[in-house]
Amino acid sequence: PDSLNVVFTSQSEYQKNPNSFAAAFNYAMVIAYKNCGEGFTLSERHYDEAYKVFEQAKKLRPNDLRVYVEQEKLLERRYFDFGCGPIQAGLVYRIKKYRSIPDMARKRLDLIKNQERLGSKKVDYLEAAVICQALNRLESAQTYLNKAGHETIKQAVEANIADIHYEFGMGISSSENYSDEDWAEFMPYARWECKLGAIEYAEESLDVLKQYYGKYLPMSEDLGSLLMYIAEQKEEANKMRNADFTKQLQKSMAGKR
């Protein structure tokens with residue numbers, strides 16, 4: 001009830017004072033952080049409403065840094081927040097999402113540019129670089145990478161490799177958590193196909209990292225162990241596949257006798 005009262009009160013103030021920056025900004029903030037104590041549980045309608053009201057606040061006070069910061073946070077939560085899980089929205093996911101929703105990508109890039117214009121000390125140059133990469137603005141992407149700096153890039157490289165390693169490990173584990181009988185009964189494909197699928201995804205993700213970070217990858221302390229893990233699992237999957245083909249061939253030959 002208390003939270004509902006806050007929503008209705010701020011909404012009422014905004015409706016009474018549509019040309020008040022404070023009323024607009026406060027109402028947008030209330031919507032944007034609705035149910036914050038239990039996690040962000042906003043509907044698409046709430047996201048749209050909060051963004052629209054932030055736009056109104058921006059018109060009333062175009063040089064207020066807070067609006068650009070909060071609008072960008074809103075986009076982050078809407079498209080890239082996975083809740084409490086261990087997996088973050090890594091580089092591969094972000095680039096795909098920005099390419100699938102280019103209008104959102106351009107809006108977020110504009111918000112970051114305005115934060116820089118207004119002298120923010122916490123400009124997310126790395127995110128700007130990711131957006132530019134997704135929009136194929138490669139020179140701008142490199143410019144933002146340079147602004148992000150060595151240490152920020154190193155941390156991003158390690159975080160993305162850790163995410164790939166985790167997802168790859170989960171994919172491999174899913175191929176090993178059932179007996180051969182269970183696997184044959186419930187899965188429409190062979191165990192080795194599941195392994196090869198996880199390997200393919202990991203290798204595709206690493207290719208994106210190489211294209212994007214290039215010269216920065218040698219900074220990674222964990223890349224070598226990930227590559228070794230992938231190679232080991234690929235060798236095992238190929239052995240399983242060959243054994244499966246041999247078994248199928250033997251069955252086929254026996255049936256012809």
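## Helix 6 and its cover

What covers the buried residues of helix 6? The cover includes helix 3 (44–60), helix 4 (65–80), helix 5 (91–100), helix 7 (125–134) and helix 8 (138–148). The model discussed here is predicted.

The buried residues in helix 6 are Met104, Ala105, Arg108, Leu109, Leu111, Ile112, Asn114 and Gln115. An α-helix has 3.6 residues a turn, so residues three or four places apart point the same way.

Helix 6 runs over residues 102–117. At 1.5 Å a residue, its 16 residues should span 22 Å. The C-alpha atoms at its ends are 22 Å apart, which agrees. Glycine 119 follows helix 6 and has a positive phi, near 80 degrees.

## Aromatic pairs

The structure holds 9 aromatic pairs. One of them joins tyrosine 125 and tyrosine 144. Their ring centres are 6.3 Å apart, with the planes at 25 degrees. Planes under 30 degrees apart count as stacked, so this pair is stacked. Tyrosine 125 belongs to helix 7 and tyrosine 144 to helix 8, and the pair links parts of the chain 19 residues apart. Tyrosine 144 is buried, because its relative accessibility is 8% and the cut-off is under 20%.

Phenylalanine 168 and tyrosine 229 make an edge-to-face pair. The centres lie 5.0 Å apart, and the planes make 70 degrees. Phenylalanine 168 is in helix 9 (residues 150–174), and tyrosine 229 is in helix 12 (residues 223–256). The pair therefore ties together parts 61 residues apart in sequence. How do the two partners sit, buried or partly exposed? Phenylalanine 168 counts as buried at 1% relative accessibility. Tyrosine 229, at 22%, counts as partly exposed.

## A ring cluster and two arginines

Phe21, Phe25 and Phe54 are linked into a cluster by ring pairs. Phenylalanine 25 also has a charge over its ring: the charged end of arginine 66 sits 5.0 Å from the ring centre.

Phenylalanine 80 has a charge over its ring too. Here the charged end belongs to arginine 94, 4.5 Å from the centre.

## Serine 220

Where is serine 220 found? It sits in the loop between helix 11 (191–213) and helix 12.

The side chain of serine 220 reaches the backbone nitrogen of leucine 223 at 3.0 Å. Leaving aside residues up to four places away in sequence, serine 220 touches Val157, Glu158 and Ile161.

Key. Residues numbered from 1 in each chain as written. Heavy atoms only, no water. Helix = DSSP H or I, 4+ residues; strand = E, 2+ residues; numbered from the N terminus. Expected span 1.5 Å × (residues − 1). Buried < 20%, exposed > 50% of the residue type's maximum accessible area, 1.4 Å probe, protein only. Contact = heavy atoms within 4.5 Å. Phe/Tyr/Trp six-rings, centres within 6.5 Å; stacked < 30°, edge-to-face > 60°. Lys NZ or Arg CZ within 6 Å of the ring centre and 35° of its normal. Polar contact = N/O pair within 3.5 Å; in protein donor to acceptor, adjacent residues only side chain to side chain.
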